[in-house]
Amino acid sequence: MPDQLPLSDYKQQIADLFNRRSPTYDQSDWHLQIAHRLVEYAQLRPGDQVLDIATGTAMAAIAAAQVVGAGGKVIGIDISSGMLAQAQQKVTALGLTNIEFQLADAESLDFPANSFDCILCSSALIWMENFPGALQHWHQFLKPGGLLGFHAFADTAFIASIVVQKVLAKYGIALYLNQPTGTTEKCRHLLETAGYDSIEIISEQYGSYINLEQAKGMWLGSSYPAPGQFPNPFSQLSTVEIEQVKAEFELELAALETAQGIWNDITTFFTFGRKPVIQ
């Protein structure tokens, strides 16, 4: 498997980010929980052929492989070689032989049409350069009647994201983050437009109280790629303005603090649609 892909500047930033995160990514119990929940809702069957988009450290892929069994197969693809290295170590340790990993761009796949019973995308749709186009691209790889399942996050999710969006709006800057998939209606429209039917969306609330310092630590600023936006909208600001935004961000968070802390909502939409049997 090659360790480099020809990527746009935006996608290279994402690959670099997740390469850096790969050694500690599995420390997130929440990521594991929602990946397993996605697989559970997909109701896979023994023998199914599954494609796991942006597989990361294979949280969803491993769970899927354990369901589809020896007669099935899971292919996990990702643009981060670091994440795939972690995934392969886990699969080797578990002795699973029905998972294959490929370093690949999710928006430029070349699988044969009608190859998969199910395509999963756990915690990654918002990172696509053109996720309406990505949903249409993946549609062709599903067998008729095949299932697509992905996570989306409500526009009330991630308190740091909400606050930084509010502050940036004062400067005339729009930061998308999870806004494009922030309601069940938006998720449904995306799938319908991409040609899916039998759409089902299950909303579950996750989250916890965090302290003010934890909330401040969620500041991303200009040093991280912005999902679905390149260049990062922060690049429109001067260094002085970024410091002003950060100070306002911290003041807004402080105003939200209660005796319990600051509520960090992570309402998650488990979103599913099928490729029509008759095209």
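Glu 100 is partly exposed, its relative accessible area being 27%; here buried means under 20% relative accessible area, exposed over 50%, and partly exposed in between, with a 1.4 Å probe and protein chains only. This is a predicted model, in which local features need pLDDT of at least 70 and side-chain atom pairs count only at pLDDT 80 or more, while totals for chains, interfaces and linings use all residues. Residues are numbered from 1 along each chain as its sequence is written, and side-chain values use heavy atoms, with hydrogens and water left out.

The side chain of Glu 100 forms a salt bridge with that of Lys 73, at 2.8 Å from N to O. Lys 73 belongs to strand E2 (residues 73-78) and Glu 100 to strand E3 (residues 99-103), so the pair ties together parts 27 residues apart in sequence. Helices (H or I, at least four residues) and strands (E, at least two) are DSSP runs numbered from the N terminus. Lys 73 is likewise partly exposed, at 32% relative accessibility.

## Other salt bridges

A salt bridge is counted when a side-chain nitrogen of Lys or Arg lies within 4 Å of a carboxyl oxygen of Asp or Glu. The count by this rule is 13 salt bridges. One of them joins the side chains of Glu 204 and Arg 37, with an N to O distance of 2.8 Å. This pair links distant parts of the chain, 167 residues apart: Glu 204 is in strand E6 (residues 197-204) and Arg 37 in helix H2 (residues 29-42). Glu 204 is buried, at 14% relative accessible area, whereas Arg 37 is partly exposed, at 25%.

Asp 48 and Arg 45 also form a salt bridge, their closest N and O atoms being 3.7 Å apart. Asp 48 is buried, with a relative accessible area of 6%, while Arg 45 is exposed, at 52% relative accessibility. Elsewhere, a network of salt bridges links Lys 11, Asp 105, Glu 107 and Glu 129.

## Cysteines

With a disulfide taken as a pair of cysteine sulfur atoms within 2.5 Å, the count is 0 disulfides. Cys 118 is in no disulfide, and the nearest cysteine sulfur, in Cys 121, is 11 Å away. Cys 118 is buried, at 2% relative accessibility.

Cys 187 is also buried, at 0% relative accessibility. The closest cysteine sulfur to that of Cys 187 belongs to Cys 121 and is 12 Å away, which is too far for a bond.
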